[in-house]
Amino acid sequence: MKSFKFPIVALGSSAGGLEALTKFFAHTPDDMDMAFVVFQHMSDTHESLMDGLLQRHTSMETAAAKDGEQVEPRRIYLNSPGKTLVVENRILRTESVQNANAAYMPIDRLFRSLAESERERSVCIILSGTGTDGTLGLKAVKEAGGLVMAQEITQAAFPGMPKSALDTGLVDITAEAEKLPGHLVDYVHRLFKTEHRPDPDGKTFDRCAGQIFSRLKSLTGNDFSGYKPSTVRRRIERRMAIHQCDEIESYLKRLLETHEEAEALFQDFLIGVTRFFRDPDAFDALGEAVSTKLIAYKNPEASLRIWAPGCATGEEAYSIAILVFEILEQQNAHMDVQIFATDLDKRAVEFARIGTYPENIAADMSPERLNRFFVKDEKRRRIKKQIRDMVVFAEHNVLKDPPFANVDIISCRNLLIYLNSGVQKKLIPLFHYALLPEGLLFLGSAENIGEFTDLFAPVNIRWKIFSRIPGKTIGKYELPPPFSSGPVRKETSNPVKPMTDIDLYRVAEKIVMENYAPPSVLINNKGEIRYFIGPTDHFFKPPTGKPSFNLIQMAHESFRRPLSSAIEQASQEKKTVITEPIQFFRNSTLKNVTVIVRPLIKSMITPGHMIVVFQETGESAGRRLVIDSKRNEREDLDVRIISLEQQLRSKEEELDIAVEELETSNEELKSANEELQSVNEELQSANEELQTSKEEVDSTNEELVTVNAELQDKVDALSRSNNDINNLMAAADLEVLFLDNLLCVKRFTPAVREIFNLIDSDIGRPITDITANMEYEHLETDIKTVLDTLNTREAEICTKTGEWRAMRIMPYRTLDNVIEGAALTFSNITILKQMEIDAVNARSYAESIVETIRDALVVLDNEFRIKSANKAFYTKFAPGKKSIEGRPFFKFDGGRWDIPKLKALLENILPEDKSFSGFEIDHADQDGRKQKLLLNARMIEQQGDQPKLILLVIEEIRRD
């Protein structure tokens with residue numbers, strides 16, 4: 001049986017997180033086969049007390065994580081102040097934080113590392129805290145197939161982090177902190193620890209999966225049967241574990257009965273997770289390909305069209321827009337850019353359209369990009385309009401809806417990996433069909449084009465960038481049904497090809513337009529001519545100087561003013577404008593021409609384009625002016641023409657003056673507008689500075705809340721310890737007095753009042769000012785000596801009531817080994833002192849009796865050494881010797897006592913607890929006189945562990 005690989009649970013919290021963490025671990029079973037990695041926002045300069053505070057609520061080992069430490073089950077790992085914490089292949093990594101700023105999102109980083117390391121075994125939990133840290137990280141956990149949990153907002157002391165997590169729509173379980181462990185245990189048990197799963201061959205699962213697909217298709221219109229079976233099974237089993245369903249049939253029943261669960265599974269299948277500039281090196285490679293292969297060779301008048309299927313919440317589409325914008329700016333190119341970002345998830349598309357993201361996207365891009373392309377909106381970032389206008393978001397199912405055709409780039413980086421090979425073989429040719437020749441296909445790092453190497457050429461193999469091979473056809477490949485029934489674009493490398501019906505239609509259309517349609521031009525929003533239709537040479541002439549396609553500059557003088565007014569009116573009112581007939585000469589004939597300006601509002605091209613039509617209405621007054629040979633008529637006509645020309649020049653001068661005045665007003669308005677923009681930028685800058693200051697204050701307040709919570713818990717613990725100590729001292733009736741370095745009273749126990757006349761208000765007073773009930777004059781000197789030498793001092797003192805105390809003076813040491821005064825303890829030894837006096841008196845009494853006895857007495861130890869002897873023994877057997885204690889009894893007097901029989905008798909006394917009496921021996925003293933001695937001996941018992949002794953009594957019964 002495969003061994004169980006325990007999951008790793010990452011918890012992120014900030015302000016108010018200590019309370020949530022203690023509730024969580026207080027209700028977490030200690031025998032859970034999991035490891036917990038906790039990251040709590042805290043001040044870099046504050047020493048964390050978290051390990052000690054949490055340890056009181058769990059028996060699992062709790063400690064700060066160490067770099068390179070292997071993750072083990074049933075342990076809690078905590079972050080250290082000023083250090084990041086990540087998981088790499090089940091090994092903890094920590095490193096110091098350098099210059100933490102808005103982009104510093106350590107919980108996001110922890111969650112992302114856990115998702116990369118553990119995949120579907122990763123679990124992340126968001127607890128109380130301010131800000132949005134953890135929001136982007138939980139998306140990575142969700143994408144990897146892990147579990148996302150969050151504390152109930154109503155319970156969280158600071159709901160910012162849980163609310164931001166819930167706003168993503170990716171949280172699987174929301175509950176109070178103390179209830180989260182129960183959900184976690186059920187989830188892990190059902191998903192990872194089930195030793196025997198029913199349906200070993202998968203037939204029941206496949207049958208139910210088919211019904212699940214049908215249910216989702218009827219609900220959403222989308223068919224998920226093309227997803228990889230492993231992906232489908234993991235997602236379904238994950239939902240089963242969340243709802244504690246052991247059988248696939250029970251989950252199917254729940255799915256069919258509840259619309260909410262069907263929607264939740266639908267969202268799980270979509271996996272709408274992405275981020276800005278995911279794989280930055282891949283975007284660098286794409287930028288190089290776009291710059292060198294597309295923009296450098298593309299017609300500046302053409303549009304750059306990009307399609308991003310499976311765009312999710314829009315981060316990748318906006319990333320491409322920013323990248324293209326930067327490339328165009330670097331190359332000083334002006335090109336219309338259209339990015340079509342599509343996804344079948346309606347909620348994701350709506351989120352992307354808003355273009356607002358949490359503050360922690362700063363971790364995914366450089367500060368320069370963040371400040372340039374995003375506007376700060378409270379605690380979120382909104383994409384700027386210049387980038388937002390480049391992207392069009394739409395609901396679209398790439399598997400069944402028609403594709404976007406004639407595009408330059410397709411970016412599909414988070415879709416193919418979840419689809420089975422059959423669907424992939426349909427999508428790759430589809431992308432080939434949608435791309436223009438030399439177009440780029442940008443795939444994810446785990447995706448590839450498979451067998452279609454004849455359709456795409458590699459541009460960057462590592463980052464999966466491919467170029468469409470021109471001249472190739474997709475005719476032999478099967479397209480999805482919506483596309484296979486319509487005409488398919490085919491290409492061939494043969495320069496000579498038969499004309500198709502479509503080509504014939506275009507030729508006929510061209511002939512009609514050039515010979516019979518009214519002269520027309522297509523202009524853009526800048527007034528530049530983009531396309532000529534029909535014979536327009538009578539109305540336009542090239543201007544002198546620098547070449548220009550500006551309509552006004554190229555138009556005949558008679559049309560410039562009416563054209564300018566009509567174009568301005570059509571641009572503002574968004575409707576067709578028809579001018580009054582304009583007279584001008586053509587081939588000696590005065591013509592009436594009406595100008596029609598029509599905006600192309602509903603076109604698919606860039607807004608602002610217009611069609612300008614020149615419609616001739618016949619000769620002036622219905623007649624043709626012919627120059628005859630008569631001089632008078634010619635002169636009259638010349639005079640009239642000269643007059644009209646003078647009037648025209650006068651009107652033109654007046655018009656030029658008006659135009660100059662208008663241009664002057666425009667310049668003044670432009671200058672005023674620039675000043676207003678400058679003021680607005682300054683206000684915006686000031687507002688951003690204030691917002692930054694507010695965030696710094698919020699961050700500091702958050703750290704203070706965390707520190708305050710820890711300190712409050714510590715104060716409570718100290719208060720409990722203080723109460724315990726006070727009750728212990730009172731119960732034990734200890735006499736203790738604490739003094740500071742100036743010998744002033746710091747604290748005392750009630751019992752010490754029997755020695756010193758102390759009251760509560762005496763704290764802070766010198767001990768020398770307090771009256772003492774004892775006879776001891778060296779107290780102050782002894783205390784100072786202890787403080788100077790740091791050596792303990794002891795003494796016995798007697799109170800005025802006749803009681804005795806054993807006084808002990810020692811230095812008062814803190815936990816940091818700092819001397820902060822002295823501690824005096826007093827032990828009542830009155831009874832012991834009386835016993836000591838009684839023992840001395842008894843000994844004196846016994847010694848007096850022994851010394852009075854005339855017989856010699858000697859006490860021997862177990863080695864027969866003389867322990868003591870009375871005066872009679874010294875007089876009779878050791879005259880002139882001051883002391884014989886410690887000397888061997890059998891040798892101290894020249895061996896005269898070394899009598900074998902006596903020695904044998906003495907050796908049996910202690911082992912056998914015997915005694916003897918009436919043992920007679922002959923003995924000679926030092927003068928050689930013989931003596932008859934009578935010896936008696938017995939064992940002496942001593943208290944405690946003292947060795948037994950032998951008492952030997954020597955009686956002289958005769959002397960020669």
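Trainee: Which strands does helix H16 lie across?

Mentor: Some ground rules come before the answer. This is a predicted model, where local features need pLDDT of at least 70, side-chain atom pairs count only at pLDDT 80 or more, and totals for chains, interfaces and linings use all residues. Residues are numbered from 1 along each chain as its sequence is written, and side-chain values use heavy atoms, with hydrogens and water left out. Helices (H or I, at least four residues) and strands (E, at least two) are DSSP runs, numbered from the N terminus. Contact means heavy atoms within 4.5 Å. Axes are lines fitted to C-alpha atoms, for helices over the stretch in contact, and angles run from 0 to 180 degrees between N-to-C directions. Now the case: H16 (residues 421–434) lies across E10, E16, E17, E18 and E19. H16 runs at about 135 degrees to E17.

Trainee: What is the strand order in the sheet of seven strands?

Mentor: Strands of a sheet pair through backbone hydrogen bonds, either parallel or antiparallel. Two strands pair if DSSP finds at least two bridges between them. Here the order is E15-E11-E10-E16-E17-E19-E18, in an open sheet with mixed pairing. E15 and E18 (456–460) are at the edges with a single partner strand each, so one side of each has no neighbour in the sheet. E10 and E11 run parallel, joined by seven bridges. Proline 309 has threonine 342 in E11 as its bridge partner.

Trainee: Which strands of the three-stranded sheet stand at the edges?

Mentor: The order is E12-E14-E13, open and antiparallel. E12 (356–358) and E13 (374–377) each have a single partner strand, so they are the edges. The twist averages 35 degrees from one strand to the next. H13 packs on this sheet, touching E12 and E14.

Trainee: Which residues touch the most other members of the largest nonpolar core?

Mentor: In soluble globular proteins, nonpolar side chains tend to be buried together. A nonpolar core is a set of buried Ala, Val, Leu, Ile, Met, Phe, Trp, Tyr and Cys residues joined through side-chain atoms within 4.5 Å. Buried means under 20% relative accessible area, exposed over 50%, partly exposed in between (1.4 Å probe, protein chains only). This core has 46 residues; Phe276, Tyr318, Ile361, Phe374, Ile387, Val391 and Phe393 touch the most other members. H12 gives the most to this core, with nine residues. Beyond its neighbours within four places in sequence, tyrosine 318 contacts residues including Phe276, Ile387, Val391 and Phe393.
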